[in-house]
Amino acid sequence: MANIVLVHGLWTDWSVWGDVMPILREAGHWVHAVQLPLTSLHDDVGATRCALDMWPAPVVLAGWSYGGAVITNAARRAPNVTGLVYLAAFAPDEGESVSDINRRFPPTALASAIRPTRRGEAIRIDQELYPQVFGADVQRWRAAELAGTQKPVSPRCLYTPSGRPAWRRKRCWYQISEHDQALSAQAQRWMAERTGATTMALPTSHASPLSRPREVADLIIAAAADAPTAVL
């Protein structure tokens, strides 16, 4: 049995894990979902480290979307973390930002859906385009609910370079979303290969925790079963 910490992405909150968490608990794991402030990568890493401090080893740390950049940094000085699970997620290298990774590959629908807030201090996703970009295979009412409750995001989350990545020292798993309109599947395959991750592909949108909660949970459970118990 492992402790499992879940980290959400941009323009969402912890509720994206709502269907995954019961499955993990039924498998016998303790589960905690971090609520990110989305004010900067530094702040989000800090919030995740606070959560990690609550749990003894072994801890499996899972990040979806931008949450992958967060876990890449939060796990670096967390000896209780024995495995990293990336779910359609960013896995930056040292000195690399989320924006840098996006620029390496052809733009997705997300690029034309981003809007500034009224004051221009944060960015959001156009509510009408949100379902198409984030969850084309998610129930329409649920995608609309996420669009209407999305948290504005500081651009610092996108442009801050990563520190030395934890994936260089910890075992990784990666779930690729083949029909992703936010983070290209090509980029995901590239990051999965670079991290040396055990990889699984699903014919799903970016919002795999919502559209395929069973498969996502099963991958995290497999990581909890296979992650080394030794401190890295």
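Author: Rings of Phe, Tyr and Trp (the six-membered ring of Trp) pair if their centres lie within 6.5 Å; planes under 30 degrees apart count as stacked, over 60 as edge-to-face and the rest as tilted. The model is predicted, so local features need pLDDT of at least 70 and side-chain atom pairs count only at pLDDT 80 or more, while totals for chains, interfaces and linings use all residues. Residues are numbered from 1 along each chain as its sequence is written, and side-chain values use heavy atoms, with hydrogens and water left out.

Reader: Which residues form one aromatic cluster?

Author: The cluster consists of Trp11, Trp64, Tyr130 and Phe134.

Reader: How is a pair of aromatic rings described?

Author: A pair of aromatic rings is described by the distance of the centres and the angle of the planes. The count here comes to five aromatic pairs. In one of them, Trp11 and Phe134 are edge-to-face, 6.2 Å centre to centre with 85° between the planes. Trp11 lies in the loop between strand S1 (3-7) and helix H1 (20-26) and Phe134 in helix H5 (residues 130-134), so the pair ties together parts that are 123 residues apart in sequence. Helices (H or I, at least four residues) and strands (E, at least two) are DSSP runs, numbered from the N terminus.

Reader: Is Trp11 buried or exposed?

Author: Buried means under 20% relative accessible area, exposed over 50%, and partly exposed in between (1.4 Å probe, protein chains only). Trp11, at 2% relative accessibility, counts as buried, and Phe134 is buried at 4%.
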